[in-house]
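Look over the sequence and the model shown here.

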Amino acid sequence: MPTDRSPVVAQDDMGVASDAALVRAARLGDDDAFGALVDRHGPSMLRYARRLVGGSEADAGEVVQEAFISAWRSLDTFRGESSIRTWLFRLVHRRAVDLQRHRRPTPIDDELISRVIEASGDNPLQDVLDAELLEALQRALDELPWNQRAAWLLREVEGLGYEEIARTMGTTVGSVRGHLHRRRRQLAERMARWR
């Protein structure tokens with residue numbers, strides 16, 4: 001039973017609170033509701049941050065922690081024009097941009113790319129080909145400008161739509177389309193051997 005300090009959070013038929021209900025409760029000061037948002041969206045925020053900062057767990061953790069602190073402090077500014085997930089991605093993106101401004105670009109870790117490409121199984125020749133493919137893909141990603149890399153990760157790895165990517169990156173849908181178009185063209189040229 002909720003106490004006077006704990007607002008009631010509406011739940012669906014499965015007993016799971018919606019993001020909107022959790023946001024409303026968190027705005028009223030419910031730490032548990034905000035904790036549920038962190039638990040629900042934290043893993044994807046951390047995965048995105050890790051890829052943007054070059055695979056560093058420490059840097060990714062710092063970026064996500066700062067983003068969630070910012071989210072808690074500015075929850076009243078969330079207008080609901082996008083999903084809370086998109087808003088949180090935007091906060092993580094901003095913190096990663098801040099970190100990136102103070103550093104040289106770092107290549108994406110091979111292990112991160114290998115999660116995108118399925119393992120081949122028990123075929124040693126296919127394992128070698130996959131390793132070569134990953135190495136070529138790593139080199140191609142290393143050569144990308146940071147915004148193109150971010151747009152590609154949000155689209156191809158996180159599965160966000162163009163509008164969500166634009167909101168996350170603080171740009172227009174047309175700019176996102178341009179980043180992705182250039183990225184795909186560059187990747188097609190670089191990876192022609194692997195077709």
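## The α7 and α9 contact

On the α7 side, Asn 147, Gln 148, Ala 151, Trp 152, Arg 155 and Glu 156 meet His 179, Leu 180, Arg 182, Arg 183, Arg 184 and Gln 186 of α9. The model is a predicted one.

How do the two helices cross? The axes of α7 and α9 come within 9 Å, with a crossing angle of roughly 90°. Angles of 65 to 115 degrees count as roughly perpendicular, and α7 and α9 are therefore roughly perpendicular to each other.

Two residues of this contact deserve a separate look. Gln 148 sits in helix α7. With a relative accessible area of 6%, Gln 148 is buried, because buried means under 20%. Setting aside residues up to four places away in sequence, Gln 148 touches His 179, Arg 182, Arg 183 and Gln 186.

Arg 183 belongs to helix α9. Is Arg 183 buried or exposed? Its relative accessible area is 0%, so Arg 183 is buried. Along the sequence, Arg 183 and Gln 148 are 35 residues apart; in space, their C-alpha atoms are 6.3 Å apart.

## The chain as a whole

The protein chain has 9 helices and 0 strands. Read along the sequence, the pattern is α-α-α-α-α-α-α-α-α. Of the 195 residues, 41% are buried. The accessible surface comes to about 11,200 Å². Carbon and sulfur atoms hold 50% of that surface.

Contacts also reach across the sequence. Among contacts in the protein chain with a separation of 6 or more, 61% join residues 24 or more positions apart.

## Nonpolar cores

In soluble globular proteins, nonpolar side chains tend to be buried together. Here, the largest nonpolar core has 42 residues. Which of them touch the most other members? They are Tyr 48, Ile 84, Trp 87, Leu 88, Val 92 and Ile 165.

Two or more residues each come from α1 (19-27), α2 (31-52), α3 (57-73), α4 (84-101), α7 (146-157), α8 (162-169) and α9 (173-190). The most come from α4, which gives 9 residues.

Leu 88 shows one set of these links. Beyond its neighbours within four places in sequence, Leu 88 is in contact with His 41, Met 45, Phe 68 and Ala 71. Another core, of 5 residues, lies apart from the largest one. Its members include Ala 136, Leu 137, Leu 187 and Met 191.

## Thr 86 in α4

Thr 86 lies in helix α4. Its relative accessibility is 2%, so Thr 86 counts as buried. What does Thr 86 contact, leaving aside its neighbours within four places in sequence? The partners are Glu 164, Arg 167 and Thr 168. Thr 86 can also be placed against Met 45: they are 41 residues apart along the chain, and their C-alpha atoms are separated by 10.0 Å.

Next come two residues with other accessibility classes. Pro 43 has its place in helix α2. Pro 43 and Val 64 are 21 residues apart in sequence, and their C-alpha atoms are 9.6 Å apart in space.

Arg 73 is found in helix α3. Arg 73 has a relative accessible area of 72% and is exposed. Another arginine, Arg 27, is 46 residues away from Arg 73 in sequence and 9.7 Å away in space, C-alpha to C-alpha.

## Pairs in sequence and space

The table gathers the C-alpha distances reported above.

| Pair | Sequence separation | C-alpha distance |
|---|---|---|
| Arg 183 and Gln 148 | 35 residues | 6.3 Å |
| Pro 43 and Val 64 | 21 residues | 9.6 Å |
| Arg 73 and Arg 27 | 46 residues | 9.7 Å |
| Thr 86 and Met 45 | 41 residues | 10.0 Å |

Terms used:
Residues are numbered from 1 along each chain as its sequence is written. This is a predicted model: local features need pLDDT of at least 70, side-chain atom pairs count only at pLDDT 80 or more; totals for chains, interfaces and linings use all residues. Side-chain values use heavy atoms; hydrogens and water are left out. Helices (H or I, at least four residues) and strands (E, at least two) are DSSP runs, numbered from the N terminus. Buried means under 20% relative accessible area, exposed over 50%, partly exposed in between (1.4 Å probe, protein chains only). Contact means heavy atoms within 4.5 Å. Accessible areas come from the Shrake-Rupley method with a 1.4 Å probe; for residues, only the protein chains shown count as cover. A nonpolar core is a set of buried Ala, Val, Leu, Ile, Met, Phe, Trp, Tyr and Cys residues joined through side-chain atoms within 4.5 Å. Axes are lines fitted to C-alpha atoms, for helices over the stretch in contact, and angles run from 0 to 180 degrees between N-to-C directions. Angles under 35 degrees count as roughly parallel, over 145 as roughly antiparallel, 65 to 115 as roughly perpendicular and the rest as oblique.
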